[in-house]
Amino acid sequence: MKVWDTSHLHDNVPSQRQDTAGQVYDSADTQANLQQIRLHFKQLQTRLILGLVLGFLLPNALLSAYFHFQFTHTLKESAKLNLAAVAESQKNTIDLYLQERVVNLYNLFQSKEFSLNPTQEQMENLLARLKRFNDGFVDIGLFDDKGVQFAYAGPFSSLLGMDYHKEPWYHDLLTEDKNYFISDVYRGFRNIPHFTIAIKQVFDNRTYVMRAALDPDKFYIFLRSISQGKEEDSTLINRQGMYQVIDPAGRNQLPGITDHIPPSVPLSGVEELELGEQKMLMAYTWLKEHHWALLAMQPVSVAQGAMIKARVVLTASLIIISLLISTVIYFTIKKLVGRARHMAEKGQMLQEMLAHASKLAAIGELAAGVAHEINNPLAIIMATSGVIRDMLNPEFELDHSPEAIDKELSVIDAAADRAKGITRKLQDMGKSRVPSVVECDVNALLDEVVGRLKKVEFKSKQVEVVNNLVLDLPHIFAEPEPLRQVFANILINACDAIADKGTINISTESKEEMIWVTITDTGKGIPPEDLQRIFNPFFTTKGGGRSTGLGLSIAASIVKYLGGTIKVNSILGTGSSFTVLLPINEQAQKTLKQHDK
């Protein structure tokens with residue numbers, strides 16, 4: 001819903017028109033003006049070129065010098081950030097890998113094939129299913145609440161029936177809050193380095209554990225596959241510094257211990273180390289799924305080598321690009337300034353004719369608007385005089401009594417008064433006068449206007465007028481005829497907005513010390529781009545010369561003169577709503593109360 005408030009509109013419109021009409025040019029000064037324009041654009045071109053040198057080349061030179069002295073520091077920080085990003089990416093991948101393995105094992109508990117008393121065939125099927133998820137799984141076992149492995153499938157059949165309740169990983173699984181546990185690399189009962197993933201579930205108040213071992217070789221291959229960067233080497237360690245990745249060449253041996261254990265806080269960082277005669281960057285980050293730290297190491301010379309080459313390329317490119325851009329900007333400025341000067345000279349010569357044409361257009365618009373506003377009462381006078389002639393013609397046998405003729409003459413008088421009011425408004429533009437205000441009943445004025453419009457404007461269309469008027473509406477002090485003109489203009493526009501058949505709702509209410517008169521139609525609505533211009537003088541959307549666009553402009557001026565405002569709501573294709581807000585005079589309320597008594 002678009003909303004437009006006209007309370008400020010007519011403060012601006014007249015001044016804008018006056019400014020346009022007030023631009024007067026002397027033809028005798030044309031040559032002097034042209035010479036001044038040429039001088040102005042010559043100075044402009046000089047300033048723009050100097051601005052290019054000071055605003056583009058000089059900052060680039062200073063930036064290049066600063067870049068040269070600060071690049072060493074930037075190289076180190078960039079290399080650290082890059083290695084830290086690599087480590088973070090690998091950490092997320094490993095966390096996801098471990099989560100997937102836990103989910104694979106957990107899904108077996110939820111599968112239809114799972115049984116608390118599985119056969120060997122069922123265990124083999126569960127192992128085969130795990131290997132379809134990931135070929136790193138070696139075996140699978142099921143433990144009762146006493147820690148005894150009562151079901152097993154895998155290459156180490158001797159583990160069936162083994163008691164694991166004293167194993168560290170089993171104890172940690174039962175005591176921790178999490179339903180799963182990932183162990184460090186250890187030998188265990190099979191006497192071969194491996195690590196275990198185990199989950200626990202409660203059935204009939206008894207805790208069962210399912211465990212699967214992962215092949216260290218496959219995990220080593222997985223870690224190498226996610227390594228990124230040139231000469232970048234990644235590994236995993238636990239909090240004691242023991243490596244958790246086993247090189248296939250030393251399969252039957254537990255991994256060693258590193259001398260570089262990263263701190264627990266912060267959870268990630270980058271350090272610079274010296275290993276022998278070589279400087280190394282080491283990025284570390286602790287995993288979320290297990291108490292392991294990922295270490296990513298890269299030689300400093302390798303980490304910064306690409307950036308050093310990039311500095312040379314960037315410096316050379318910056319010089320070349322700066323020269324090219326400066327040349328292009330110089331010729332572009334020269335061409336644009338020349339074209340702008342030509343257009344300004346041409347525009348200067350057209351200003352005189354434009355000012356004269358603007359004056360003629362303004363006079364024409366004013367004359368057309370006045371003719372449109374006076375045409376309505378003149379049409380009523382002509383129609384009523386024709387009725388009187390018909391009444392005096394015996395052939396029509398109409399009532400030509402003095403009372404009937406006097407009634408028609410009163411219509412002519414009212415139309416003449418309306419025309420007189422319009423001319424008086426035109427006079428008010430040039431001088432001030434004391435308004436003739438009386439106590440007005442807004443509901444009565446609306447009834448009069450609607451009754452008159454039903455006989456003329458609404459007659460050609462199927463327009464239903466629905467009144468929702470508050471009976472005890474306070475009276476206001478105003479001039480009745482201008483208010484009638486306001487309501488008539490809005491109602492006529494509402495009727496014009498309805499194609500053939502529609503409804504116009506009129507409602508009144510008193511709130512916030514104002515009289516609210518709302519006129520809503522079911523017409524075509526107002527386009528958003530026109531909504532803020534409908535109160536501008538001479539703006540109209542009616543083609544064919546049916547309107548000069550003065551109706552709403554005069555209405556807004558009248559309402560503002562009375563101390564009120566007009567608000568507009570409109571939805572394109574649905575209809576429009578005009579709300580006229582008129583201030584309530586306290587004296588009018590007191591007078592109304594005396595009349596009620």
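Author: First the angle terms: under 35 degrees counts as roughly parallel, over 145 as roughly antiparallel, 65 to 115 as roughly perpendicular, and the rest as oblique. This is a predicted model, where local features need pLDDT of at least 70, side-chain atom pairs count only at pLDDT 80 or more, and totals for chains, interfaces and linings use all residues. Residues are numbered from 1 along each chain as its sequence is written, and side-chain values use heavy atoms, without hydrogens and water.

Reader: OK, at what angle do H8 and H9 pack?

Author: About 50°, with the axes of H8 (residues 442–455) and H9 (residues 480–497) 9 Å apart. H8 and H9 are therefore oblique to each other.

Reader: Which residues of H8 and H9 make the contact?

Author: Counting heavy atoms within 4.5 Å as contact, H8 brings residues including Val442, Leu445 and Leu446, while Phe487 and Leu491 are among those from H9. The contact residues split into 12 nonpolar, no polar and three charged.

Reader: Switching topic: how many salt bridges?

Author: The count is 11, taking a side-chain nitrogen of Lys or Arg within 4 Å of a carboxyl oxygen of Asp or Glu. One of them joins Lys91 and Glu88 at 3.1 Å, N to O; both residues lie in helix H2 (residues 30–110), three residues apart.

Reader: Is Lys91 buried or exposed?

Author: Buried, with a relative accessible area of 5%; the cut-offs are under 20% for buried, over 50% for exposed and partly exposed in between (1.4 Å probe, protein chains only). Glu88 is partly exposed at 30%.

Methods. Axes fitted to C-alpha atoms, helices over the stretch in contact; angles between N-to-C directions. Helix = DSSP H or I, 4+ residues; strand = E, 2+ residues; numbered from the N terminus. Nonpolar A, V, L, I, M, F, W, Y, C, P; charged D, E, K, R; others polar.
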